[in-house]
Amino acid sequence: MKKNCQELLAIDFDARWKELIHVFTEEFIAFFLPSLYPLVNFSKPPEFLEQELAKLAAGTERSGKKITDKLIKLYLKNGEEQFVLVHIEVEGDAPSAYSKEIFKYYYRALDQHEVDIATIVVYVGDKVPKRHNVYTRHFHGTELTFKFNSYLVKQQSEAALMASDNIFALAILANLY
């Protein structure tokens, strides 16, 4: 009986984040990518490319990890297309090599679409890799540095989140609690 109650009370955070981002895309962009927000034409609905993302991600996932990532095509006010690659690290156990996975998603999407891509990783757990927003490679004079947006829930202020009217402030509060 006890096990059944625990199963009933288990929350699928992956699914909840996916639903929130899908339903409240405009609010997500406003909250997590405020510099992009004023450029987006939200009168044109965003396109969600999860099927395509799954193909791009083939071979990059850690075993047992559910895909909570989103590839969203947005249209800018100037008529251009913009992609937003969203990674939600719900389990909070991102390995130290996680930034390499993020880079692989990025370059595969870039290679496929040849458009600018804004990448953000939202870490909702307590364990965050030291290099949570950068991936680097160095080899005999050749160097690659890939920096991306990251948001660490554990570093957020409860008071600031309570003062926000964005639904994602509530989602972050829920994760903090």
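The model is a predicted one.

Trainee: Why is Ser99 called buried?

Mentor: Ser99 has a relative accessibility of 7%, and the word buried is kept for values under 20%, so Ser99 counts as buried. Its place in the chain is in helix α5, which covers residues 98-113.

Trainee: How do you know that the side chain of Ser99 makes a polar contact with Val134?

Mentor: The side chain of Ser99 reaches the backbone oxygen of Val134 at 3.1 Å, and the cut-off for such a pair of N or O atoms is 3.5 Å, so the pair falls within the limit. Leaving aside neighbours within four places in sequence, Ser99 is also in contact with Arg131, Tyr135 and Phe148.

Trainee: What makes β5 and β6 a pair of strands?

Mentor: Pairing requires at least two bridges, and six bridges join β5, residues 134-139, to β6, residues 142-147, so the two strands count as paired. They run antiparallel, and one of the bridges links His138 to Glu143 in β6.

Trainee: What lies between β5 and β6, and which residue in the turn has a positive phi?

Mentor: The two strands form a hairpin with two residues between them, and His140 in the turn has a positive phi of about 45°.

Trainee: Which residues touch the most other members of the largest nonpolar core?

Mentor: Those residues are Trp17, Phe32 and Leu36, in a core of 26 residues. At least two residues of this core come from each of α2 (13-23), α3 (25-32), β2 (70-75), β3 (81-89), β4 (117-123) and α7 (167-176), and α7 gives the most, with five residues.

Trainee: How do you know that Phe32 touches residues beyond its own stretch of sequence?

Mentor: With residues up to four places away in sequence not counted, Phe32 still touches Trp17, Ile120, Val122, Tyr151, Phe168 and Ile172. A second, separate core of 19 residues includes Phe83, Tyr98, Tyr106 and Ala109.

Trainee: How much of the whole protein counts as buried, and how much area does the protein expose?

Mentor: Of its 177 residues, 41% count as buried, while the protein exposes about 10,300 Å², of which carbon and sulfur atoms supply 52%. Among the contacts with a separation of 6 or more, residues 24 or more positions apart account for 65%.

Note on methods
Residues are numbered from 1 along each chain as its sequence is written. This is a predicted model: local features need pLDDT of at least 70, side-chain atom pairs count only at pLDDT 80 or more; totals for chains, interfaces and linings use all residues. Side-chain values use heavy atoms; hydrogens and water are left out. Helices (H or I, at least four residues) and strands (E, at least two) are DSSP runs, numbered from the N terminus. A nonpolar core is a set of buried Ala, Val, Leu, Ile, Met, Phe, Trp, Tyr and Cys residues joined through side-chain atoms within 4.5 Å. Buried means under 20% relative accessible area, exposed over 50%, partly exposed in between (1.4 Å probe, protein chains only). Contact means heavy atoms within 4.5 Å. Accessible areas come from the Shrake-Rupley method with a 1.4 Å probe; for residues, only the protein chains shown count as cover. A polar contact is a pair of N or O atoms within 3.5 Å; within protein, one must be able to donate a hydrogen and the other to accept it, and residues adjacent in sequence count only if both atoms are side-chain atoms.
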